[in-house]
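These are notes for a colleague who is new to this model. Please read them with the sequence and the structure open.

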Amino acid sequence: MKSVDPRSAPADPETLAASLKDMATGILEEAKRQGATAAEVAAGDSSGLVVSVRKGELETVEFTNDRGFGITVYVGERKGNASTSDAGPDAVRDTVRAALNIARYTEEDPCNGLADADVMARRIPDLDLHHPWDIDVPLATERATETEAAGLAFDDRIVNSEGARVATARGCQVYGNSHGFLEASWGTRHSTSCLMIAGDSNGMQPEDWYTVSRDPADLEDHVEVGREAARRAVGRLGCRPVKTGSYPVMFAAPVAAGLVSHLLSAVGGRALYRRESYLLDSLGRRVATEDITLREEPHRPKGLASAGYDGDGVATRAKTFIDQGVVTSYVLDTYSARRLGMATTGNAGGYFNLDVVADTRPVEELMREMDTGLLVTSLMGQGVNLVTGDYSRGAGGVWIADGEPRHPVDEVTIAANLDDVFKGIVGCGDDIDRRGNIQTGSLLVREMTVAN
C-alpha cells in the first residue's frame with residue numbers, strides 16, 4: 001500500500017471522476033478488442049487517513065491511496081473476471097486477457113450477462129455523499145487522545161484501554177458496461193471509535209463504541225464516544241448466571257440489526273435459487289409479525305448505504321421487502337432474478353439503507369412488558385442455519401427482573417427458530433441505531449430459550 005498524504009489526491013471530484021471514466025472506457029474497449037461479447041468494469045480511487053492512540057501515546061498513522069479496477073467479461077454465456085491495482089496499458093491488456101481465459105474455460109450459463117439495457121439508471125440523484133474532512137495528523141491525534149482520556153476518566157473501574165481511533169476516507173467509484181452505461185459516484189466516510197476495559201475481582205470486560213457518518217459535522221461528540229465505551233464496559237462487571245428457561249428476549253438496537261439481516265438473507269436471491277432458505281416460495285406469505293415492515297430507502301441524502309444504481313448499473317428505488325410481516329419482494333440482483341425467473345430489484349451488492357418501520361416505544365416501557373427476561377447487548381458465534389431457520393448463538397447482556405435492569409449476564413446461549421422469532425416480535429424501541437445499513441430500534445421477542 002502506497003503511503004502518501006491523502007490530501008495530495010486531486011481536490012476536484014470532477015477531474016478524478018473524468019479520469020476514472022476514461023480508464024473504464026479504455027478497459028471496455030480493450031475487452032471488446034480481445035473478443036468479449038459483453039463486459040462490465042468497476043474502477044475506484046480512494047484515499048484516507050487513520051490515526052490510533054493508546055494510553056495517551058500516538059500508536060499508528062496510516063495514509064492510504066489506492067486505485068484499481070475489476071473487469072467482468074462475457075463470451076456468449078460464459079463469464080470470467082479479474083482485477084488489478086495497476087491501471088497501466090500493459091496491466092489492462094493482461095487483466096482483460098486473464099478474465100477472457102477464465103471465461104473460455106467456464107461452463108455456459110444462460111443466466112449470465114449484463115442486466116438489460118432498459119433497466120440501467122438514467123437519472124442519478126444527488127445524494128449529498130461527499131463531505132471531505134479537513135483534518136490532519138495533529139488534529140486527529142488530539143481528537144483520538146481526548147476520546148480515550150474521556151473513557152479512562154469515566155470510572156475507577158476502567159483499568160485499561162485498547163485505544164481510540166480516528167479515520168477519514170474519500171473515494172470515487174465508477175461503473176461502466178458495454179450497454180454504454182458509465183457513471184461515477186463520490187463519497188466520504190468518517191469515524192471515531194474507542195475500546196475500554198473495565199475490571200474487578202472477578203475479571204475484566206472489554207466494550208467499544210463508535211460514531212460514523214458521511215459528514216464530519218454529523219459525528220457524535222468524540223468525548224461521548226469514549227465515555228459510552230467506558231459506560232458499557234463498566235456495565236458488564238458483576239456478571240451472574242441465570243436459570244435456564246424460556247424468557248422474553250430483547251435485542252438492543254446495535255445487535256437487532258444483525259438479527260434483521262438474517263431475515264433479509266432468507267429472502268435474498270442467492271439463498272432462494274440455491275434452495276438454502278427456510279423462506280422458499282414466501283412471496284405473499286406472512287413471515288414476521290404484522291407490526292414490522294422492512295423498507296429500503298436508497299436515495300436518502302447522506303445515507304451510509306445510499307446509491308443511485310446498484311452493482312449491475314440498475315436504477316435503485318425505494319421499495320418494501322416485508323410489508324406488515326408479509327413478503328412483498330425478494331432481494332434480487334440480475335443473476336439471481338434470472339435464476340428465479342423474475343426481474344431484478346436493483347439490489348446487486350446488497351440492500352441500501354434498510355429501515356425497520358414499526359410503532360416504536362421507549363425501551364423502558366419494553367422492559368416493563370418483559371417483566372423478566374434478557375436484554376442482549378452482544379452476540380458471539382455463527383449459529384444461524386438459514387435452511388432450517390434454527391438460531392442458536394452465544395450472548396451477553398443485562399438480566400431484567402420486575403421490568404428493571406438487575407445485573408449483567410455473560411456467556412449464555414439464546415436459541416429459537418427464526419420463524420418463531422420474527423413472528424414473535426412484540427415491540428420495537430425508539431432507540432434507533434443509525435450507524436449502519438440496517439436502521440432499527442431494540443426488538444423485543446416474546447420467547448426464546450436462554451441457557452447457561
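1. β5 and strand β6 (residues 203-213) run antiparallel and are paired over 11 bridges. Two strands count as paired if DSSP finds at least two bridges between them; helices (H or I, at least four residues) and strands (E, at least two) are DSSP runs, numbered from the N terminus. Cysteine 194 has tryptophan 209 in β6 as its bridge partner. The hairpin from β5 to β6 has two residues in its link.

2. A word on the source. The model is predicted: local features need pLDDT of at least 70 and side-chain atom pairs count only at pLDDT 80 or more, while totals for chains, interfaces and linings use all residues. Residues are numbered from 1 along each chain as its sequence is written, and side-chain values use heavy atoms, with hydrogens and water left out.

3. β5 also pairs with β4, again in the antiparallel sense, through 17 bridges. Four residues lie between the strands in the hairpin of β4 and β5, where glycine 180 has a positive phi near 100°.

4. The largest pocket holds about 840 Å³ of space. (On a 1 Å grid over the protein atoms alone, a pocket is an open set of points with protein on both sides within 12 Å along at least five of seven lines, whereas a cavity is a set where a 1.4 Å probe fits but cannot get out; lining residues have an atom within 4 Å of a point. Grid points are joined across faces, edges and corners, and a volume is the space filled by probe spheres set on the points.) Of the 35 lining residues, Gln173, Ala184, Ser185, Trp186 and Tyr309 lie nearest the centre of this pocket. The elements giving two or more residues to the lining are α1 (13-33), β4 (158-177) and β5 (182-200). β5 provides the largest share, seven residues.

5. By class, the lining of the largest pocket has 17 nonpolar, nine polar and nine charged residues. Here Ala, Val, Leu, Ile, Met, Phe, Trp, Tyr, Cys and Pro count as nonpolar, Asp, Glu, Lys and Arg as charged, and the others, Gly among them, as polar.

6. The second largest pocket has about 400 Å³ of space. Its lining comprises 27 residues, with Lys79, Asp333, Thr334, Tyr335 and Ser336 nearest the centre. At least two lining residues come from each of α6 (269-273) and α7 (334-339). The classes are 10 nonpolar, 10 polar and seven charged.

7. Which residues line the largest cavity? They are Val260, Leu263, Ala288, Ile292, Leu294, Phe422 and Ile425.

8. Another sheet is open and mixed, with five strands in the order β10-β9-β8-β11-β18. β10 (326-327) and β18 (438-439) are the edge strands, each pairing on one side only. Within the sheet, β8 (residues 293-296) and β11 (residues 354-357) are antiparallel and joined by four bridges. Leucine 354 in β11 stands opposite glutamate 296.

9. Among the helix contacts (heavy atoms within 4.5 Å) is that of α3 with α4: Arg143, Glu146, Thr147, Ala150 and Gly151 in α3 meet His222, Val223, Val225, Gly226, Arg227 and Ala230 in α4. These residues divide into four nonpolar, four polar and three charged.
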